[in-house]
Amino acid sequence: MNDSSLALLGGTPAITVPGPHFTWPPITEADRQAVARQLETAVSIPDRSGVVADLEDALASYLGVRHVVTTCTGTAALHSMYAAAGIGPGDEVIIPALTFHATATPLFHLGAHPVLADVDDRGQLDLEDAARRLTSRTKAVVAVHLWGLPEDMDALTSFADEHELMLLEDGSHAHGATWNHQKAGTFGTASAFSLNGPKPLSAGEGGFIATDDTEVYYRVLLHGQYNKRCRREIPATHPLARFAVTGMGLKLRIHPLAAALARTQLGHLEDRLAGRQAVAARMCAVLAGVPGIRLPDLPAAARTSWYALPLQYKPAALGGLSIERFLEALHAEGAAEADRPGSTCPLHTHPLFQAPGALLPGYADGQGEAVDEFPTADYVHATTLKLPVWDHADDVRLADAYTTAIVKVATHAKDLL
Ligand SMILES: Cc1ncc(COP(=O)(O)O)c(C=O)c1O
């Protein structure tokens, strides 16, 4: 065997650098010091002060919004956003069928119904399909900027206006992504973001809600922050002020150590986005035209956060080689981080969406989604390969090694048939 042979068939792997090849977020000395300082300052912050206020101010200024409220997770942020937007029993909310389940699941805890709509072959919400699913109970539509690529927000804004729907956003993959120079998370009534582990901006665990609407802000506080924070921030004359002590009874605050990490990480976000942009451009330049691999369409209006580089695998161009076998060959080449989306998948395939009533009283079983109703979400999920996008100079070699491995497997695909 010579080293142009596939490693899966006994050749030399394209990548021999020991793993892990991608870890996120990069932890700097400043992160360590900020967390250590926070340990000595406060490990519980019940009001809007200290590092929580610093982080919320910095996020609000970064996004250019009036209010930001941090939470313990992105799931909690989505829950607070929906509750604050007044989504309640019987309301329907249009959700793209292809996303992480938490875009939709908080709705079950408000008595509302996620109504899934198919996506197009780029994984973006299919507005024609969404229009077919509107009823008199539809209250909102949610934009999810999957893998960091912003939705077409001109189209989504027009759609929401035309059908008199509230526009909400799940920006969990898309910190700093823009559409026509406007940041993801600033187009609708409110947006929710995750700050979990591998997200472009990470607190380890955390999340936040962003809104310009002060009434929504008060309700976000009442949903998951209660007592001191609500007493200090909701004016005593406001009709909801009397609920301040209990709020809606949930406690969803961010941990101050997580807030300290997110605050220092935010200082690097723009540099890291620029670094990812450069590395992604380099990866795409190598992969353009490789048989069996379709690059994502990047509209001129979009700046993506490159949470991942999603590639569409086209088996027909490689003699019908299955994606499983292609990925197996890629892993044998040492590209351990090349992957297929796992938990970000067509939501109608989850038992929770097919039979919510088994876990959630009040949701009759059988009202779940029919399994063949979202053909494009199924197709996009079944054909997506994703790669990490590295962000700084040292990792360019790894990015190059990964694209070399893909070219190698695609070029030798016939050996695997
Ligand atoms: C699109 C999307 N929304 C929401 C979430 C939930 O965020 P968290 O894990 O912080 O609760 C995730 C997490 O991966 C996500 O990918």
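Q: Which element gives the most to the lining of the largest pocket?
A: Rolling a probe the size of a water molecule over the atoms shows where empty space is left. Here H3 gives the most to the lining, with three residues. H3, S3 and strand S15 (384–387) each supply at least two. Helices (H or I, at least four residues) and strands (E, at least two) are DSSP runs, numbered from the N terminus. A pocket is an open set of points on a 1 Å grid over the protein atoms alone, where a 1.4 Å probe fits, with protein on both sides within 12 Å along at least five of seven lines; lining residues have an atom within 4 Å of a point.

Q: What should I know about the source?
A: This is a predicted model: local features need pLDDT of at least 70, side-chain atom pairs count only at pLDDT 80 or more, and totals for chains, interfaces and linings use all residues. Residues are numbered from 1 along each chain as its sequence is written, and side-chain values use heavy atoms, with hydrogens and water left out.

Q: How much space lies in the largest pocket?
A: About 590 Å³. Of the 35 lining residues, the closest to the centre are His-173, Pro-198, Lys-199, Tyr-307 and Thr-344.

Q: What takes up the largest pocket?
A: The ligand's space is that pocket. A molecule sits in a pocket if more than half of its atoms lie within 2 Å of its grid points.

Q: Which residues are closest to the ligand?
A: Of 15 surrounding residues, the closest are Thr-75, Asp-170, His-173, Ser-194 and Lys-199.

Q: Which backbone features stand out?
A: Most residues other than glycine have a negative phi, and most peptide bonds are trans. Asn-180 has a positive phi of about 50 degrees and is not a glycine. Asn-180 is in the loop between strand S7 (178–179) and strand S8 (182–183). A cis peptide bond joins Gly-19 and Pro-20, with omega about 0 degrees. The bond from Trp-24 to Pro-25 is cis, with omega near 0 degrees.

Definitions and conventions:
Near = heavy atom within 4 Å. Points joined across faces, edges and corners; volume = space filled by probe spheres on them.
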